[in-house]
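Student: I would like to learn how to read a few features of a protein model. Could you take me through them one by one?

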Amino acid sequence: MTDKAADTVRAERILVPVALGERSYDILIGRHQLCEAAGVIAGLAPGARAAIVTDDNLAALHAPALESCLHQAGVTTTRLTIRPGEASKSYACFVELCDGLLAAKIERNDLIIALGGGVVGDLSGFAASVLRRGVRLIQIPTSLLAQVDSSVGGKTGINSSHGKNLIGAFHQPALVICDTALLDTLSEREFKAGYAEVVKYGLIDDAAFFDWCEANWRRVIAGGPERDHAVATACRAKAAIVARDEREDGDRALLNLGHTFAHALERLTAYDSKRLVHGEAVAIGLALAFRFSQRLGLCPGQDAGRVAAHLASIGLPSRLQDVPGGAGSAAEIVEAMTQDKKVKRGALTFILAHGIGKSFIAPGVPADEVRSFIESELAGT
């Protein structure tokens with residue numbers, strides 16, 4: 001195993017820095033970090049108030065403990081809740097949240113704490129980016145997907161009827177706290193969906209980490225030091241890419257491996273979490289990206305098969321036929337892709353692969369090639 005994939009597996013706090021000059025911050029990772037981190041939060045903004053944004057489910061589950069710890073550290077808090085689910089990443093909820101923060105008299109030198117999964121983090125982050133022209137943000141992700149992906153890197157936003165995450169801003173957090181004990185409360189479905197974003201980092205540029213995932217995924221799900229190691233490895237990989245390319249002008253686009261397909265499927269299922277959650281869409285997208293690479297003669301079939309087999313062994317979907325209620329027609333899927341953020345002058349950009357750990361940015365992929373591939377996938381050929 002390479003040094004990158006072979007950090008000592010241990011059950012203690014792991015600190016991962018995100019090096020962005022004056023916008024640099026730390027990711028704190030480990031079990032039961034919530035109260036310990038309250039002192040760090042208090043030190044970031046002495047005398048500041050904190051608005052905790054969470055959803056209706058997490059408000060009872062984790063918010064009281066966070067509030068108690070912050071109060072003990074001398075931080076005054078107020079709580080705002082949103083409805084759970086992707087539908088809350090909307091104009092209406094964004095306006096409602098901003099109005100709530102203003103009504104709570106959150107000032108520019110105060111803090112907004114996003115306590116929740118990707119929806120809470122993206123929505124809160126977007127509100128923090130514009131409220132009084134910018135309020136400091138702390139991310140406390142409560143889902144595996146958010147801990148290894150959406151909470152790190154400063155991307156914030158909401159959805160449009162035209163597509164996912166098309167309205168937003170870059171707004172780096174001041175701190176990210178990944179308390180891996182919070183993941184114990186996730187449903188099996190939500191945890192496994194988040195795992196798709198973990199294994200993605202191995203597929204991008206770290207084949208040794210993919211090997212490790214194949215050998216250790218059961219222990220990652222069970223919890224303990226392997227879970228912390230997986231989260232830390234993923235965060236460290238993302239932090240390195242973000243430090244090189246904060247605003248996705250270059251290789252940060254690699255983090256979207258599988259996402260061109262995934263976002264199209266989410267749009268076509270109307271962001272209905274009963275049918276498909278983001279991580280499940282990403283799992284299908286990862287498998288499709290490798291099979292599409294194989295079809296184009298770029299990737300060995302053995303690697304494409306290995307990716308699909310690993311996802312299936314965990315219980316994740318890997319084919320368009322796995323979308324409940326259907327994924328739509330090839331024409332509909334390609335049309336949904338045309339609103340992808342990586343589209344340039346109407347041309348589709350994909351993240352493809354020469355093999356596991358060998359992903360690359362492929363601009364200008366002909367739509368006809370994509371449509372033909374999707375047609376064959378839908379036909380099961």
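Student: Let's begin with His32: is this residue buried or exposed?

Tutor: His32 is exposed, with a relative accessible area of 58%; buried means under 20% relative accessible area, exposed over 50%, and partly exposed in between, with a 1.4 Å probe and protein chains only. This is a predicted model, in which local features need pLDDT of at least 70, side-chain atom pairs count only at pLDDT 80 or more, and totals for chains, interfaces and linings use all residues. Residues are numbered from 1 along each chain as its sequence is written, and side-chain values use heavy atoms, with hydrogens and water left out.

Student: Where is His32, and what is its phi?

Tutor: His32 lies in the loop between strand E2 (25-30) and helix H1. Helices (H or I, at least four residues) and strands (E, at least two) are DSSP runs, numbered from the N terminus. Phi of His32 is near 60 degrees, a positive value in a residue other than glycine. Ala270 also has a positive phi, near 55 degrees, and is found in the loop between helix H10 (259-268) and helix H11 (278-295). At 58% relative accessibility, Ala270 is exposed.

Student: Now the cysteines. How many disulfides are there?

Tutor: The structure holds one disulfide, that is, a pair of cysteine sulfur atoms within 2.5 Å. The partners are Cys35 and Cys69, with their sulfur atoms 1.5 Å apart. They link distant parts of the chain, 34 residues apart: Cys35 is in H1 (residues 34-44) and Cys69 in helix H3 (residues 63-72). Cys35 is partly exposed at 48% relative accessibility, while Cys69 is buried at 6%.

Student: How do I describe two packed helices?

Tutor: Two packed helices are described by the angle between their axes and the distance between the axes. Axes are lines fitted to C-alpha atoms, for helices over the stretch in contact, and angles run from 0 to 180 degrees between N-to-C directions. Take helix H7 (residues 188-205) and helix H12 (residues 301-314): their axes come within 11 Å and cross at roughly 155 degrees. That makes H7 roughly antiparallel to H12; angles under 35 degrees count as roughly parallel, over 145 as roughly antiparallel, 65 to 115 as roughly perpendicular and the rest as oblique.

Student: Which residues of H7 and H12 meet?

Tutor: From H7, Lys192, Tyr195, Val199 and Leu203 meet Val307, His310, Leu311 and Ile314 of H12, where contact means heavy atoms within 4.5 Å. By class, this contact of H7 with H12 has six nonpolar residues, one polar and one charged. Here Ala, Val, Leu, Ile, Met, Phe, Trp, Tyr, Cys and Pro count as nonpolar, Asp, Glu, Lys and Arg as charged, and the others, Gly among them, as polar.

Student: At what angle do H7 and H9 pack?

Tutor: H7 and helix H9 (residues 225-244) pack at about 50 degrees, with their axes 9 Å apart, and are therefore oblique to each other. The H7 side of the contact has Phe191, Val198 and Tyr201, and the H9 side has Arg227, Ala230, Ala234, Ala237 and Lys238. The contact of H7 with H9 has six nonpolar, no polar and two charged residues.
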